[in-house]
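Please keep the sequence and the model at hand while reading.

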Amino acid sequence: YREARNAFSRLSIERPEDGTLRIGYAIASGLEYDAGAAVFAMRRALELDPISVRLVPVDAVLRRRVLDLIDHFAAESRRNEFDRDALFMVAALNTVIGEDGLAFFALDRAIDLGDDDISTYNLESIIRQRMEERMGTGR
């Protein structure tokens with residue numbers, strides 16, 4: 001995953017407005033067990049380009065890797081029930097793969113624990129919007 005991480009890093013510098021590149025970096029970092037870099041990159045992506053979380057192209061291979069990362073961060077949140085970053089990552093990664101209900105549940109818990117970062121509120125807005133679209137309300 002180091003090559004992918006390096007590629008996403010280079011591309012993010014060239015195109016800093018493209019949040020999908022930061023999300024790619026976040027995923028690659030998580031797969032390299034660098035949780036700090038993964039959280040930082042995901043928060044930055046959702047701060048600068050919130051809609052990007054809906055634009056990541058997900059195939060079967062990436063979905064499986066993201067599910068593995070979700071399992072990792074969920075386990076972290078169980079080990080430390082006050083780990084807002086782990087809950088944020090569970091929410092963000094679930095959003096990447098379209099699991100908005102699971103994302104909302106994790107994000108709601110992070111907010112209850114005091115996660116008031118702009119990336120959290122941007123993610124909450126994206127999740128709510130997509131859930132409303134799926135329910136047909138379009139609000």
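Predicted model: local features only at pLDDT ≥ 70, side-chain atom pairs only at ≥ 80, totals over all residues.

**Pockets, core and selected residues**

Helix 2 contributes the most to the lining of the largest pocket, with seven residues.

**The largest pocket**

- The largest pocket has a volume of about 300 Å³, and the elements that supply two or more residues to its lining are helix 1, helix 2 and helix 4.
- Its lining is made up of 16 residues, and those lying nearest the centre of the pocket are A4, F8, G24, I27 and L62.
- Sorted by class, the lining of the largest pocket comprises 12 nonpolar, two polar and two charged residues.

**The second largest pocket**

- The second largest pocket holds about 200 Å³ of space, and helix 4, helix 5 and helix 6 (100-112) each provide at least two residues of its lining.
- Helix 6 accounts for the largest share of this lining, with four residues.
- The residues that line the second largest pocket are A74, S77, R78, E81, L87, V90, N94, L102, F105, A106 and R109, and by class they divide into six nonpolar, two polar and three charged.

**The largest nonpolar core**

- The largest nonpolar core has 33 residues, and M42, F73, L93 and L123 are those with the most contacts inside it.
- Two or more residues of this core come from each of helix 2, helix 3, helix 4, helix 5, helix 6 and helix 7, and helix 5 gives the most, with eight residues.
- F73, one of the residues with the most contacts inside the core, is in contact with A35, A38, V39, A86, M89, V90 and L93 when its neighbours within four places in sequence are left aside.

**Helix 3**

- The buried residues of helix 3 are A37, A38, V39, A41, M42, R43, A45 and L46, and what covers them includes helix 1 (2-14), helix 2 (19-31), helix 4 (60-79), helix 5 and helix 7 (118-135).

**V90**

- V90 has its place in helix 5 (residues 84-96), and it counts as buried because its relative accessible area is 9%, where the cut-off for buried is under 20%.
- Leaving aside neighbours within four places in sequence, V90 is in contact with I70, F73, A74 and A106; among these, A74 and A106 are listed, together with V90, in the lining of the second largest pocket.
- V90 and V66 are 24 residues apart in sequence, and their C-alpha atoms are 9.6 Å apart in space.

**Y33**

- Y33 lies in the loop between helix 2 and helix 3, and it has a positive phi of about 65° although it is not a glycine.
- Buried or exposed, how does Y33 count? With a relative accessibility of 71%, Y33 counts as exposed, because the cut-off for exposed is over 50%.

Notes:
Residues numbered from 1 in each chain as written. Heavy atoms only, no water. Buried < 20%, exposed > 50% of the residue type's maximum accessible area, 1.4 Å probe, protein only. Contact = heavy atoms within 4.5 Å. 1 Å grid on protein atoms, 1.4 Å probe; cavity = no way out; pocket = protein on both sides within 12 Å on 5 of 7 lines; lining within 4 Å. Points joined across faces, edges and corners; volume = space filled by probe spheres on them. Nonpolar A, V, L, I, M, F, W, Y, C, P; charged D, E, K, R; others polar. Core = buried A, V, L, I, M, F, W, Y, C linked by side-chain atoms within 4.5 Å.
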